[in-house]
Amino acid sequence: MPATPAPPRPAAPAPALRRARAAVSAVFLVNAVLYANLVPRLPDVKERLDLSNAGLGTAIAAMPVGALLAGLLAPVLIGRLGSARVAAYGLVLLAAAVLGVPLAGSWVLLAAAMLLVGALDAVVDVAQNAHGFRVQRGYGRSIVNAFHGLWSVGAVLGGLMGSAAAGLGVPLTAHLAVVAVVFSGVAVLARRGLLPGPEDAERDEPPAGAPTVRLGGRTALALAGLGVLAACAAFVEDAGASWGAVYLRDGLGASAAAGGLAFVALQVAMTVGRLTGDRVVDRVGQRSVALAGGVLIAGGMGGALALATVPATLAGFALAGLGVATLVPAVMHAADELPGLPHGVGLTVVSWLLRVGFLLSPPLVGLVADATSLRVALLGVVLAGAGVLLLHRLLVGKRVRATAATA
């Protein structure tokens, strides 16, 4: 009896695609490194300007405001310049904007600097994801989670750099100037490896006579629910970025170097979750992963706030980071697959609502913290985990099979 022939192996990606994948990975990493270096130094900014929790929170909230305003310009810039140029050279401008934060001498100037940082970050974020999807279409299989995983690696790297600089007493301006110069160079070098040509070069043409779809009520409700899920993810991530260091230093008496470790713990766990998330999602589905993630978020931060010790807090932020690791990519994927929407519309709407979550989170936590305590305000992370538990069924529940890679 003749042996059954083995299925054909997918063709290896072309060298240009492999170079582009490495270049996009570098862009994602640099994007995270730049702001993450500032996060452990936020208590220094707060102290230098003598800001309250609400004052710092509202200044930080200028970032998502800038992102919401500038995010609508990203498609125009990408259409005129291409996602490769916008992503790479936008990072150079972003590095300069982050460097402007320690130069701000008042709350108004600090908020203006944060506004510019958020605007540039939003444009770069759209461009790097757009180019990442170009590379993914060339590969013919999912690789986007790996890009987000490398973003988390960059966040961890930047957080460790910022914590070390704070512990060593390095002046904030000198610290961020070195970061800006080094990683701007990385972004410029990465530009050489990104894909040339039009943005739709790797996209399949729609079949002739394809029916026009219309937005239905169920689709609109599902999109709104996915937006709430995205906002829950934003709240969890922002809690570590904006308030982890402040809570550890002011609330629990941790040192300056240890204060930045809350953000690092969250980002390390997110990195592990994102780098391993594709395999887990393929096996059990996005719904099951999100269900477990909601339990980790609510349980981890709930236990950390109940114990109120530095080790418990670091463990709580780590569990929250693991729980939220694949949530944003899962929400974006679910939104992109909604019936009744033109391609890309669901992704755009959810991305915008994600920015709304980042806009509301810092001032909300700051206001509650000033009225009660930061420990009470961080119970919002527990509520965000509960929101994931309630809405996880909106996500894709079955394994998505990858197609063969393109040569």
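Let's start with a single residue. Leaving aside neighbours within four places in sequence, Leu110 is in contact with Val45, Leu49, Leu51, Ala59, Val101 and Ala104. Contact here means heavy atoms within 4.5 Å.

Now the ground rules. This is a predicted model, where local features need pLDDT of at least 70 and side-chain atom pairs count only at pLDDT 80 or more, while totals for chains, interfaces and linings use all residues. Residues are numbered from 1 along each chain as its sequence is written, and side-chain values use heavy atoms, with hydrogens and water left out.

Next, the overall picture. The protein chain comes to 17 helices and zero strands. Both are DSSP runs, numbered from the N terminus: helices are H or I with at least four residues, strands are E with at least two. The chain has 407 residues, and 52% of them are buried. Buried means under 20% relative accessible area, exposed means over 50%, and partly exposed is in between, with a 1.4 Å probe and protein chains only.

How much of the contact list comes from residues 24 or more positions apart? Take the contacts with a separation of 6 or more: such residues account for 86% of them.

On to the inside. The largest nonpolar core has 107 residues. A nonpolar core is a set of buried Ala, Val, Leu, Ile, Met, Phe, Trp, Tyr and Cys residues joined through side-chain atoms within 4.5 Å. Which members touch the most other members? They are Tyr35, Leu110, Met114, Leu226, Leu327, Leu374 and Leu395. Helix α9 gives the most to this core, with 16 residues.

Leu110, our opening residue, is on that list. Met114 is on it too, and Met114 also touches Leu38. So look at Leu38, which is buried at a relative accessible area of 1%. Leu38 lies in the loop between α1 (15–36) and α2. Not counting residues up to four places away in sequence, Leu38 touches Val98, Val101, Met114 and Leu176.

Now the charges. Side chains of opposite charge can pair when their charged atoms come close. This structure holds six salt bridges. A salt bridge is a side-chain nitrogen of Lys or Arg within 4 Å of a carboxyl oxygen of Asp or Glu.

Asp44 pairs with Arg41, with the closest N and O atoms 2.9 Å apart. Arg41 is buried at 5%, whereas Asp44 is partly exposed at 24%. Asp44 also forms a salt bridge with Arg249, at 3.8 Å between the closest N and O atoms. That pair links distant parts of the chain: Asp44 sits in helix α2 (residues 42–49) and Arg249 in helix α9 (residues 217–251), 205 residues apart.

Asp250 is in α9 and Lys46 in α2, 204 residues apart. Buried or exposed? Asp250 is exposed, at 56% relative accessibility, but Lys46 is buried, at 16%. Finally, shared partners join Arg41, Asp44 and Arg249 into one network.

A quick word on backbone angles. Most residues other than glycine have a negative phi. Asp50 has a positive phi of about 55° and is not a glycine. Asp50 lies in the loop between α2 and α3 (53–71), and is exposed at 69%. Ala308 also has a positive phi, near 55°. Its place is the loop between α12 (286–307) and α13 (310–324), and Ala308 is partly exposed at 22%.

Helix α6 (residues 107–139) has 33 residues and reaches 47 Å from its first C-alpha to its last, close to the 48 Å expected. The expected span is 1.5 Å times one less than the number of residues. Just after α6, Gly140 takes a positive phi of about 75°.
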